[in-house]
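Trainee: Please take me through this model. I will ask one thing at a time.

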Amino acid sequence: MVGRFERNKDTIQEVTESAATHVGAIAGIITGAVRDVTREIGELITDAIEMREAARAARDDDERAARDDDERAARDGEESGEGPATSDRRSAPPAE
């Protein structure tokens with residue numbers, strides 16, 4: 001027959017093992033959740049960085065295209081003898 005002390009020891013052992021198992025499962029759930037949240041935050045930041053870089057590249061392309069258009073217009077004006085396309089060429093007022 002099992003004595004009272006051994007019964008109590010077995011009960012405490014079972015409760016402790018069960019608690020450790022459940023705490024371990026809960027810790028695993030929390031660890032997974034923290035990992036998933038961290039991954040999502042990282043991906044969000046990566047998306048924001050990529051969008052910022054894309055916007056910067058688009059802005060640079062627009063500026064480059066505008067410069068190229070200005071240079072082309074100036075070159076076309078010089079070739080036709082009109083001078084730069086941006087100059088304001090007015091005839092001089094008549095001399096008195």
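Mentor: One term to begin: with a 1.4 Å probe and protein chains only, buried means under 20% relative accessible area, exposed over 50%, and partly exposed in between. This model is predicted: local features need pLDDT of at least 70, side-chain atom pairs count only at pLDDT 80 or more, and totals for chains, interfaces and linings use all residues. Residues are numbered from 1 along each chain as its sequence is written, and side-chain values use heavy atoms, leaving out hydrogens and water.

Trainee: Which class does Ile-49 fall in?

Mentor: Ile-49 sits in helix H1, a DSSP run of H or I with at least four residues. Its relative accessibility is 35%. So Ile-49 counts as partly exposed.

Trainee: How many salt bridges does the whole structure hold?

Mentor: Look for a side-chain nitrogen of Lys or Arg within 4 Å of a carboxyl oxygen of Asp or Glu. Asp-36 with Arg-35 is one, at 3.6 Å. A search of the whole structure gives 5.

Trainee: How far apart are N and O in the salt bridge of Asp-36 and Arg-39?

Mentor: Both residues lie in helix H1, 3 residues apart, about one turn. Arg-39 has 43% relative accessibility, so Arg-39 is partly exposed. Asp-36 is partly exposed too, because its value is 37%. The N to O distance in their salt bridge is 3.4 Å.

Trainee: Which residues do salt bridges with shared partners join into one network?

Mentor: Set aside Arg-64 and Asp-61, which bridge at 2.8 Å. Those two are also 3 residues apart in helix H1. The network formed through shared partners joins Arg-35, Asp-36 and Arg-39.
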